[in-house]
Amino acid sequence: MSDEGGNNGGAGGDDLSGLSGFFFYVFIVHPATAWILRPGRFERKKSILYAIGFLALLAAVKTGMEMQAKGPNHYHLLNVNRNSSPLDIKRAYKKLSLQLHPDKNPNDPNASAKFDRVKKAYDVLMDMEFREVYNKFGQEGINSNKRFDETQFFIQLGVFYVTWGIMAYVLTLGNRSGLARQWTFTGLIVMLVLEITIMTSQGNPFPSWFLPQNTEYEAVWLMHTLFPAFMNGCRSIGGYLYVDLEAQTRQLLVALQEQNKDILLVLRDVQIGVQNIQANGGGGGGGGGGRLATAGAAPVGGMMRATPTGKIRELQDRLHASNSTVQQAVTQLKPEKSNSNFGFYAMILGYVAFSYIFNS
């Protein structure tokens with residue numbers, strides 16, 4: 001990437017670098033994080049810590065390489081900060097121009113290019129209008145003579161965040177991604193508020209101690225660059241922490257159904273045993289005892305006393321009714337169908353087309 005090239009400042013921050021970063025996180029980083037978070041691979045707390053550490057390290061390395069490829073900004077190049085006065089900038093330029101002048105460095109083949117970059121940085125920062133454009137939109141804004149237009153800014157902002165909102169929604173479809181969707185959209189809203197605050201503020205929106213040599217453009221670029229890592233981290237960790245209550249309920253109902261079946265089998269064996277005893281006249285009560293049992297119930301004090309066989313049949317009927325109820329509940333709790341990949345791949349193609357159209 002060329003010096004200070006890349007995506008436009010503010011909301012127009014999508015470019016081919018952002019597209020490649022999106023694919024990198026979706027198709028490489030997300031599967032790798034899912035491998036770390038696979039159940040049983042590590043302890044629960046360690047898995048989460050390892051995944052967060054992996055994502056943070058990868059995002060830091062990738063962002064650092066992109067920043068290094070962009071090269072130092074004008075403030076770093078002249079070793080001044082955002083609040084430096086024109087006099088401070090002039091002094092810094094004179095000092096560097098003496099050091100980097102091609103006549104002073106005849107053995108350095110890049111001396112002329114270095115001197116030109118310093119001269120270019122000096123010309124931009126000494127012009128207050130150019131300096132404001134550079135802070136908001138980077139070198140790309142200087143090259144295109146861009147100026148802050150509120151209407152255009154909010155249109156670009158809407159396109160950018162609606163696009164990312166659709167992608168985040170598609171990538172977090174399903175009950176399993178509910179927590180990830182909540183985290184992702186919270187981060188998207190926070191980023192939107194910060195970007196509006198940064199880009200619409202008059203003057204320097206940052207404290208003097210906060211990244212004194214970086215611009216508003218770079219702050220917005222950094223948020224846009226880190227958001228894919230944040231979103232895919234939310235997807236991985238949110239999916240890992242998800243608890244499928246319907247699946248657990250289904251398992252409990254199936255276990256209860258199996259238990260009812262076992263109890264019914266035991267009761268059937270008991271009933272057969274009782275009937276055999278009754279048929280053989282067991283219990284030492286003679287024929288009267290057998291007639292009492294087979295009758296099903298006998299009057300005692302004007303009330304009916306249930307026989308063992310009658311009680312067993314009553315218990316069986318209740319268990320059959322309970323089993324039917326459990327079976328109906330299990331049938332109603334259908335497993336969640338996996339989402340079709342059609343929407344995912346359509347979103348990918350749409351994002352590619354969007355990037356080429358709006359950055360051509």
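**Terms and the values behind them**

Author: A word first: this is a predicted model. The largest nonpolar core has 36 residues. Those with the most contacts inside it include Phe22, Trp164 and Met231.

Reader: What makes a set of residues a nonpolar core?

Author: Three tests: the residues must be buried, of a nonpolar type such as Leu, Met, Phe or Trp, and joined through side-chain atoms within 4.5 Å. The 36 residues form such a set, with Leu78, Val80, Leu125 and Met191 also among those with the most contacts inside it.

Reader: Which elements give two or more residues to this core?

Author: They are α1, α3 (74-78), α4 (86-100), α5 (111-126), α6 (128-143), α7 (150-171), α8 (178-200) and α9 (216-241). The largest share, eight residues, comes from α7. There is also a second, separate core of six residues, including Ile36, Leu37, Ile48 and Tyr240.

Reader: How many helices and strands does the protein chain have?

Author: There are 13 helices and two strands. The protein chain has 360 residues, and 38% of them count as buried.

Reader: Why is Ser236 called buried?

Author: Buried means under 20% relative accessible area. Ser236 has 6%, so Ser236 is buried. This residue is found in helix α9.

Reader: Why is Ala32 called partly exposed?

Author: Ala32 has a relative accessible area of 27%, so Ala32 is partly exposed. Its place is in helix α1 (residues 16-36). Ala32 and Ser236 are 204 residues apart along the chain, yet their C-alpha atoms are separated by 9.6 Å.

Reader: What does Ser236 touch, leaving aside its neighbours within four places in sequence?

Author: Ser236 is in contact with His30, Thr33 and Leu37. Leu37 also belongs to the second core.

Reader: What makes the link between Ser236 and His30 a polar contact?

Author: A polar contact needs a pair of N or O atoms within 3.5 Å, one able to donate a hydrogen and the other to accept it. The side chains of Ser236 and His30 are joined at 2.9 Å, and the link counts as a polar contact.

Reader: Where does Ile52 lie, and is Ile52 buried or partly exposed?

Author: Ile52 lies in helix α2 (residues 44-70). With a relative accessible area of 44%, Ile52 is partly exposed. Ile52 and Thr33 are 19 residues apart in sequence and 8.8 Å apart in space, C-alpha to C-alpha.

Reader: How many salt bridges are there?

Author: Four. The rule asks for a side-chain nitrogen of Lys or Arg within 4 Å of a carboxyl oxygen of Asp or Glu.

Reader: Why is the pair Lys62 and Glu66 called a salt bridge?

Author: Their N to O distance is 2.5 Å. The limit is 4 Å, so the pair counts as a salt bridge. Lys62 and Glu66 are four residues apart in helix α2, which means about one helical turn separates them. Lys62 counts as buried because its relative accessibility is 16%. Glu66 is buried too, with 14%.

Reader: How do you know that Lys114 and Asp108 form a salt bridge?

Author: Their closest N and O atoms are 3.3 Å apart. The cut-off is 4 Å, so the pair qualifies. Lys114 is partly exposed at 31% relative accessible area. Asp108 is partly exposed at 26%.

Reader: What separates Lys119 and Asp123 in helix α5?

Author: About one helical turn, because Lys119 and Asp123 are four residues apart in that helix. Their side chains meet in a salt bridge of 2.9 Å, N to O. Lys119 has a relative accessible area of 32% and is partly exposed. Asp123 is partly exposed, with 38%.

Reader: Which residues does UniProt list for "transmembrane region"?

Author: The unreviewed UniProt entry lists residues 16-36, 48-65, 153-171, 183-201, 221-243 and 342-358. In the model, residues 48-65 are 100% helix and 0% strand, with end C-alpha atoms 26 Å apart. Residues 153-171 are also 100% helix and 0% strand, and their end C-alpha atoms are 27 Å apart.

Technical notes
Residues numbered from 1 in each chain as written. Predicted model: local features only at pLDDT ≥ 70, side-chain atom pairs only at ≥ 80, totals over all residues. Heavy atoms only, no water. Buried < 20%, exposed > 50% of the residue type's maximum accessible area, 1.4 Å probe, protein only. UniProt positions renumbered as here; feature names shortened; annotations may be inferred. Contact = heavy atoms within 4.5 Å.
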